[in-house]
Amino acid sequence: MLTGLNHLTLATADLARSVEFYVGLPGFRLAARWDAGAYLMVGDLWLCLSLDPNRALGKHPDYTHFAFSVEQDEFEGLTDLLRSRKVVEWKINSSEGDSFYFQDPDGHRLELHVGTLDSRLEQCRRKPYAGMEFFD
């Protein structure tokens, strides 16, 4: 069973501009920033901004996707179900926490994700991305 939206990742052509925009909105808090991205919080929503040259060129696809939270003990069963439905997988996971990246029938990019911003930041503190800073 899906338990909610895990995080939202938005591809951006200009990271500084995007960080300034979101931090300027009431309720957004900057949690971390690095050369190619930033993590923000608004309420319980974890927002990732990801610098993506495809966005600047207007090329698709870029890294924008919607991630849904799933418990670790349900991850394998859900990925098996999605694979049995022959969904298109668009990325292989390379970050903290189990993730399964797939498309809906219209090509929207989605993800099942085990983990939280706190677990991601904990890993990043051990092995930070290039130029990463923390703000808490």
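How many bridges join E3 to E4, and do these strands run parallel or antiparallel? Six bridges join them, and the two run antiparallel. Some notes on this and the rest of the fold follow.

1. Ground rules. This is a predicted model, where local features need pLDDT of at least 70, side-chain atom pairs count only at pLDDT 80 or more, and totals for chains, interfaces and linings use all residues. Residues are numbered from 1 along each chain as its sequence is written, and side-chain values use heavy atoms, with hydrogens and water left out.

2. The sheet. Nine strands make an open sheet with mixed pairing, in the order E6-E7-E8-E5-E1-E4-E3-E2-E9. E6 and strand E9 (133-134) are the edge strands; each has a single partner strand, so one side of each lacks a neighbour in the sheet. Strands here are DSSP runs of E with at least two residues, helices are runs of H or I with at least four residues, and both are numbered from the N terminus. Two strands count as paired if DSSP finds at least two bridges between them.

3. Around E1. Strand E1 (residues 4-12) is joined to strand E5 (residues 65-69) by five bridges, running antiparallel, and Leu 5 has Phe 68 as its bridge partner in E5. E1 is also joined to E4, this time by six bridges and in parallel. On that E4 side, Leu 8 has Leu 47 as bridge partner, and Thr 9 stands opposite Cys 48.

4. E4 and its hairpin. E4 is mostly covered, with five of its seven residues buried (buried is under 20% relative accessible area, exposed over 50%, partly exposed in between, with a 1.4 Å probe and protein chains only). E3 and E4 form a hairpin with two residues between them, and Gly 43 in the turn has a positive phi of about 60°. Leu 40 stands opposite Leu 47 in E4.

5. The cores. The largest nonpolar core has eleven residues, including Trp 34, Tyr 39, Trp 46, Cys 48, Cys 124 and Met 132. Strand E2 (28-34), strand E3 (37-42), strand E4 (45-51) and helix H4 (117-126) each put in at least two residues. A second, separate core of ten residues includes Tyr 22, Phe 28, Leu 40 and Leu 47. For the record, a nonpolar core is a set of buried Ala, Val, Leu, Ile, Met, Phe, Trp, Tyr and Cys residues joined through side-chain atoms within 4.5 Å.

6. Cys 124 and Arg 120. Not counting residues up to four places away in sequence, Cys 124 touches Tyr 39, Tyr 129, Met 132 and Phe 134 (contact means heavy atoms within 4.5 Å). Arg 120 lies in helix H4 and is buried, at a relative accessible area of 7%. Leaving aside neighbours within four places in sequence, Arg 120 is in contact with Tyr 39, Trp 46, Ser 95, Glu 96, His 113 and Tyr 129. With Ser 95 there is a side chain to side chain polar contact of 3.3 Å. A polar contact is a pair of N or O atoms within 3.5 Å; within protein, one must be able to donate a hydrogen and the other to accept it, and residues adjacent in sequence count only if both atoms are side-chain atoms.

7. Aromatics. Rings of Phe, Tyr and Trp (its six-membered ring) pair if their centres lie within 6.5 Å; planes under 30 degrees apart are stacked, over 60 edge-to-face, and the rest tilted. By this rule there are eight aromatic pairs. One of them is Phe 21 with Tyr 22, edge-to-face at 5.0 Å centre to centre and 90° between the planes. Phe 21 is partly exposed at 49% relative accessible area, whereas Tyr 22 is buried at 18%. Trp 90 is in strand E6 (residues 89-91) and Tyr 101 in strand E7 (residues 99-103), eleven residues apart. Both Trp 90 and Tyr 101 are buried. Elsewhere, Trp 34, Tyr 39, Trp 46 and Tyr 129 form one aromatic cluster.

8. Two lysines. The charged end of Lys 91 sits over the ring of Tyr 101, 5.2 Å from its centre (the rule: NZ of Lys or CZ of Arg within 6 Å of the ring centre and within 35 degrees of the ring normal). Lys 86 has a positive phi of about 60° although it is not a glycine. Most residues other than glycine have a negative phi. Lys 86 sits in the loop between helix H3 (72-84) and E6, and is exposed at a relative accessible area of 70%.
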